[in-house]
Amino acid sequence: MAPHTHAYTVRIRWTGNLGEGTRRYLGYSRDHEISADGKGRIPGSSDPLFRGDAARYNPEELLVSSLSTCHMLWYLHLCADAGVVVTSYDDQARGTMEEAADGSGRFSEVVLAPDVIVAPGSDPARAVTLHDQAHAMCFVARSVNFPVRCEPRVRVASS
């Protein structure tokens with residue numbers, strides 16, 4: 001059976017021309033917009049450490065959020081299939097990027113820390129192990145070249 005191929009198209013539009021383009025390194029903004037057909041815009045910039053706007057999302061945050069979101073969506077799917085009723089899911093994901101002397105950098109790891117609440121009658125041990133399966137299925141985690149660890153916390157809701 002042939003694999004299914006999926007294509008994703010986004011538009012990145014630089015909005016940071018302050019009047020002189022990139023004539024000077026300090027003379028332009030790193031602001032941009034991310035969009036896709038039929039969807040709202042995401043305001044982007046670079047990290048403030050790299051002359052960006054702290055009020056806008058930066059590429060590093062978006063990478064970490066993509067990993068977290070992909071894991072969550074797989075996890076919810078697997079829980080639904082396994083009869084584990086999730087009533088709340090909140091992840092405080094964090095990524096570590098190492099910057100080299102020449103200014104380049106790379107992520108060394110991302111740690112997902114989902115805090116999950118399951119309904120009474122759900123198996124909390126099964127809820128924990130489903131995180132391993134979600135990680136193995138996550139399209140984004142399978143595509144990166146650095147470790148993605150998951151440190152879940154699962155609690156049963158009080159009745």
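**Pockets and salt bridges**

The largest pocket has a volume of about 530 Å³. This structure is a predicted model. Fifteen is the count to keep in mind: 15 residues line the largest pocket, and the closest to its centre are V10, I34, A36, I42 and S66. Which elements give two or more residues to this lining? They are strand 2 (32-35) and helix 1 (59-82). Helix 1 gives the most, with five residues. By type, the lining of the largest pocket holds eight nonpolar, five polar and two charged residues.

Now turn to the second largest pocket. About 260 Å³ of space lies there. Y8, S65, S66, T69, C70, L73, F139 and V140 form its lining. Find S66 in that list. S66 is also one of the residues closest to the centre of the largest pocket. How many residues in the lining of the second largest pocket are charged? The answer is none: five are nonpolar and three are polar.

Next come the charged pairs. How many salt bridges does a search of the whole structure find? It finds nine. Start with R94 and E151, whose side chains meet in a salt bridge at 3.5 Å, N to O.

E151 has another partner. R149 forms a salt bridge with E151, and the closest N and O atoms are 2.6 Å apart. R149 counts as partly exposed because its relative accessibility is 36%.

Look also at R155 and D115. Their side chains meet in a salt bridge at 3.0 Å, N to O. This pair links distant parts of the chain: R155 is in strand 9 and D115 is in strand 7 (residues 114-118), 40 residues apart. R155 has 31% relative accessibility, so R155 is partly exposed.

Key. Residues are numbered from 1 along each chain as its sequence is written. This is a predicted model: local features need pLDDT of at least 70, side-chain atom pairs count only at pLDDT 80 or more; totals for chains, interfaces and linings use all residues. Side-chain values use heavy atoms; hydrogens and water are left out. A salt bridge is a side-chain nitrogen of Lys or Arg within 4 Å of a carboxyl oxygen of Asp or Glu. Helices (H or I, at least four residues) and strands (E, at least two) are DSSP runs, numbered from the N terminus. Buried means under 20% relative accessible area, exposed over 50%, partly exposed in between (1.4 Å probe, protein chains only). On a 1 Å grid over the protein atoms alone, a cavity is a set of points where a 1.4 Å probe fits but cannot get out, and a pocket is an open set with protein on both sides within 12 Å along at least five of seven lines; lining residues have an atom within 4 Å of a point. Grid points are joined across faces, edges and corners, and a volume is the space filled by probe spheres set on the points. Ala, Val, Leu, Ile, Met, Phe, Trp, Tyr, Cys and Pro count as nonpolar, Asp, Glu, Lys and Arg as charged, and the others, Gly among them, as polar.
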